[in-house]
Amino acid sequence: MKISYKKLWIMLAEQEITRQEFREKLQIASGTMTKLNKGQEVSMSVILRICEYFDCNIGDICDAVKMD
């Protein structure tokens, strides 16, 4: 299984928030942002901070997808 943050990127686009603005507002480290961009796992605390910011659930920003 692999993680997909496609829902997060769609949410940012819909709210017209750039990835840079998003990183700065949530104080996400550049290394963590790189992991998000590459679809890699990040800590649960980061996921929860994102959910709190958008007032949403984990499933609203990411999915576990089967690797081909």
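**Stop 1: the phenylalanines**

Select Phe22 and Phe54: both are buried. This is a predicted model, so the tour keeps to what its coordinates give. Phe54 counts as buried because its relative accessibility is 12%, and the cut-off is under 20%.

Now show the rings. A pair of aromatic rings is described by the distance of the centres and the angle of the planes. The structure holds two such aromatic pairs. In one, Phe22 and Phe54 are stacked, with 6.3 Å centre to centre and 20 degrees between the planes. Colour the helices to see what this pair links. Phe22 belongs to helix α2 (residues 19–26) and Phe54 to helix α4 (residues 44–54). The two residues are 32 residues apart, so the pair joins distant parts of the chain.

Tyr53 is partly exposed, at a relative accessible area of 36%. Keep all of these rings on screen: Phe22, Tyr53 and Phe54 are linked into a cluster by ring pairs.

**Stop 2: helix α1**

Select residues 6–14, which make up helix α1. Which residues of this helix are buried? They are Leu8, Trp9, Met11 and Leu12. Look down the axis of α1. The buried residues fall within an arc of 160 degrees, so they line one face of the helix. An α-helix has 3.6 residues a turn, so residues three or four places apart point the same way. Turn to the other side of α1: Lys6, Ala13 and Glu14 are exposed there.

Arg19 lies over the face of Trp9, at 3.7 Å from the ring centre.

**Stop 3: the salt bridge**

Side chains of opposite charge can pair when their charged atoms come close. The structure holds one salt bridge. Select Lys7 and Asp63, whose side chains form it at 3.1 Å, N to O. Lys7 sits in helix α1, while Asp63 is in strand β2 (residues 63–65). The pair therefore ties together parts that are 56 residues apart in sequence. Are these two partners buried or partly exposed? Asp63 counts as partly exposed, at 31% relative accessibility. Lys7 also counts as partly exposed, at 33%.

**Stop 4: a nonpolar patch**

Switch to the surface view. Select Met44, Leu48 and Ile58. These residues make a nonpolar surface patch of about 270 Å². Met44 lies in helix α4, the helix that also holds Phe54 from the first stop.

**Stop 5: two positive phi values**

Finish with the backbone. Most residues other than glycine have a negative phi, and most peptide bonds are trans. Select Gln27. Its phi is positive, near 50 degrees, in a residue other than glycine. Gln27 is placed in the loop between α2 and α3 (30–37). Is Gln27 buried or exposed? Gln27 is exposed, with a relative accessible area of 68%.

Then select Asp55. Here too phi is near 50 degrees, a positive value in a residue other than glycine. Asp55 is found in the loop between α4 and β2. Its relative accessible area is 72%, so Asp55 is exposed.

Note on methods: Residues numbered from 1 in each chain as written. Predicted model: local features only at pLDDT ≥ 70, side-chain atom pairs only at ≥ 80, totals over all residues. Heavy atoms only, no water. Phe/Tyr/Trp six-rings, centres within 6.5 Å; stacked < 30°, edge-to-face > 60°. Helix = DSSP H or I, 4+ residues; strand = E, 2+ residues; numbered from the N terminus. Buried < 20%, exposed > 50% of the residue type's maximum accessible area, 1.4 Å probe, protein only. Lys NZ or Arg CZ within 6 Å of the ring centre and 35° of its normal. Patch = residues over 30% accessible without salt bridge, like charges linked within 9 Å, V, L, I, M, F, W, Y side chains within 5 Å. Areas by Shrake-Rupley, 256 points an atom, 1.4 Å probe, with all protein chains shown as cover. Salt bridge = Lys/Arg side-chain N within 4 Å of Asp/Glu carboxyl O. Arc of directions from axis to C-beta.
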